[in-house]
Amino acid sequence: MKKKELTRRKFLSVVSAGSAGIVAAGTLPALGNVEISSGSASKLAILGGDPVRNNKPWRSWPFIDQNVIDSVVKTTQSGRWCRMGAPNSRVSAFEKEFAAMLGAKHFVGTGSGTQSLNVCVEALEIGAGDEVITSPYSDMGTVASILVSRALPVMADLDLESFQIDPDEIEKRITPATKAIMPVHIMGLPCDMDRIMAIAKKHNLRVIEDSCQAHLAEYKGKRLGTIGDLGAFSFQETKVISCGEGGGIAGNDDLLMDRCYTVQNHGTTRKGVTERIGPKYRMTEFEGAILMGQVPQFMERHKIRNENAAYLRSKLQGFPGLVPQKIYEGTESGAYYKFAMYYHKEHWNGAEPAQFLKAIRAEGIAVSGYIGRGLYDDPWVDFISNQKVYQKMYTPERLKQYREEMKYPNCDAVCKNVIIMNGPGPLLGPRSDMDDLINGIMKVYENRDLLKTI
């Protein structure tokens with residue numbers, strides 16, 4: 001077949017039709033059976049050309065409307081700013097609303113996602129001498145929630161295509177001290193939960209879902225956060241459901257969820273009896289008010305993000321330069337906290353991700369890298385190894401092995417090569433915004449020969 005020249009406009013029509021031939025890309029500059037001609041390329045903005053998106057703003061976040069303002073004003077005027085003793089508590093109202101949305105029996109609000117995860121750890125009575133297996137590709141709050149209980153966060157490497165914790169790597173890290181698995185639903189897409197739950201059952205382990213990015217996402221008929229023993233959520237300012245800070249725990253076990261409430265309420269039960277050790281992790285009435293002001297928009301925003309993500313996937317289908325995050329079978333929807341893609345350097349004439357990002361951002365496109373290094377690359381590993389409590393509860397051999405195992409090649413590759421569409425605001429934009437992203441990518445691709453000069 002004679003190869004044809006491909007402009008961005010032609011690329012959009014070809015890819016949206018799902019051209020299977022593009023998948024098997026030949027040597028560059030050929031892309032499948034289509035050759036991209038540098039002669040048709042427009043000049044990069046960073047080299048003096050016109051940007052794809054000329055000073056047009058992206059959808060801002062967090063989104064504030066009159067419902068949110070009215071809810072906060074009403075709470076302010078009530079003079080009841082703490083949930084304890086507040087009639088018609090905004091926190092209690094939100095707990096009921098969000099539990100219903102998740103399909104969970106119970107939901108307990110907290111002051112942050114990190115606090116929520118730590119409540120789960122404490123409620124499951126995991127502490128010094130115990131180990132919890134989790135992902136190295138997350139916010140530090142994931143690991144911090146384990147460390148503050150003086151347990152050992154053991155990290156397992158990633159699946160290179162989904163950016164999620166690899167179940168095969170989880171099994172390799174299980175020891176007699178392992179008590180739980182804490183999968184992180186990164187970017188708001190589900191981990192391989194069937195396999196993780198099977199591993200947990202086989203080894204008699206508890207499962208704490210870090211669903212801090214995964215609000216309302218669905219896997220095989222269940223919302224994330226309701227599949228494991230407990231699910232933790234974050235409502236930090238950047239999350240798809242946000243109130244500045246804030247978090248919460250979902251669960252279906254009555255006794256376990258009562259224990260979660262008691263832990264976050266400095267060890268004091270709903271009846272006012274102090275029964276156990278616990279910090280004070282309460283969600284404030286102002287956080288509850290902001291969240292309640294957004295409840296009417298939750299599902300509509302969830303729908304828009306999923307529609308836009310599906311559209312972007314259709315446009316990038318078969319394009320080897322940027323491959324969207326893999327979705328596991330059984331995924332019915334994602335939170336799409338970020339829309340993530342893996343940058344394949346070999347399809348950009350060897351240009352580094354940073355060079356690509358510099359060029360596409362000059363086009364006015366809202367993309368960036370994401371987590372720059374795995375959690376194992378910070379000094380806390382050496383810090384805990386020198387702490388008396390860790391030296392007392394873990395043998396010198398175990399701590400030495402722990403430090404030596406801090407090698408995660410797939411996580412290193414993901415940290416270096418993942419490109420995200422900054423969210424969640426931009427992913428709520430109109431379809432024309434999604435086309436700008438695709439056009440920006442293809443404009444830079446057409447000029448890939450020049451990227452190394454940037």
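These legends describe close-up views of a predicted model. Local features need pLDDT of at least 70 and side-chain atom pairs count only at pLDDT 80 or more, while totals for chains, interfaces and linings use all residues. Residues are numbered from 1 along each chain as its sequence is written, and side-chain values use heavy atoms, with hydrogens and water left out.

**View 1. The seven-stranded sheet.** The strands of this open sheet follow the order β4-β12-β11-β8-β7-β5-β6, with mixed pairing. Strands (E, at least two residues) and helices (H or I, at least four residues) are DSSP runs, numbered from the N terminus. Two strands pair if DSSP finds at least two bridges between them. Strands of a sheet pair through backbone hydrogen bonds, either parallel or antiparallel. β4 (106-110) and β6 (152-155) are the edge strands, and each pairs on one side only. On average, neighbouring strands are turned by 25 degrees against each other, direction ignored.

**View 2. Strand β11 and its two partners.** β8 (residues 206-210) and β11 (residues 230-234) run parallel and are joined by three bridges. Here Asp210 stands opposite Ala232, and Glu209 has Gly231 as its bridge partner. With β12 (residues 247-251), β11 pairs in the antiparallel sense over four bridges. In that pairing, Gly231 is partnered by Ala250 of β12. Five of the five residues of β11 are buried; buried means under 20% relative accessible area, exposed over 50%, and partly exposed in between (1.4 Å probe, protein chains only). Leu230, Ala232 and Ser234 lie on one side of β11, Gly231 and Phe233 on the other.

**View 3. From β5 through α5 to β6.** β5 and β6 pair in the parallel sense over four bridges, and Ile133 stands opposite Val154 of β6. The chain passes from β5 through α5 to β6 in a right-handed β-α-β crossover. Right-handed here means that, with the strands pointing away from the viewer, the path from the first strand over the helix to the second runs clockwise. In β6, Leu152 and Val154 point one way, Pro153 and Met155 the other way, and all are buried.

**View 4. Helices on the sheet.** α5 lies across β5 (131-134), β6, β7 (178-182) and β8, and runs at about 140 degrees to β6. Helix α14 (residues 396-404) also packs on the sheet, touching β5 and β6. The direction of α14 makes about 40 degrees with that of β6. Axes are lines fitted to C-alpha atoms, for helices over the stretch in contact, and angles run from 0 to 180 degrees between N-to-C directions. Contact means heavy atoms within 4.5 Å.

**View 5. The packing of α4 and α5.** Helix α4 (residues 113-123) and helix α5 (residues 140-147) pack at an angle of about 35 degrees, with axes 8 Å apart. Thr114, Leu117, Asn118 and Val121 of α4 meet Gly141, Thr142, Ala144, Ser145 and Ile146 of α5.

View 6. Trp61 and Pro62 are joined by a cis peptide bond, with omega about 0 degrees. Pro62 lies in the loop between β3 (34-35) and α2 (66-78). Met187 is a residue other than glycine with a positive phi, near 70 degrees. Met187 lies in the loop between β7 and α7 (193-203). Met187 counts as buried because its relative accessibility is 0%. Asn349, also not a glycine, has a positive phi of about 55 degrees. Its loop runs between β15 (339-343) and α11 (353-362). Asn349 has a relative accessible area of 32%, so it is partly exposed.
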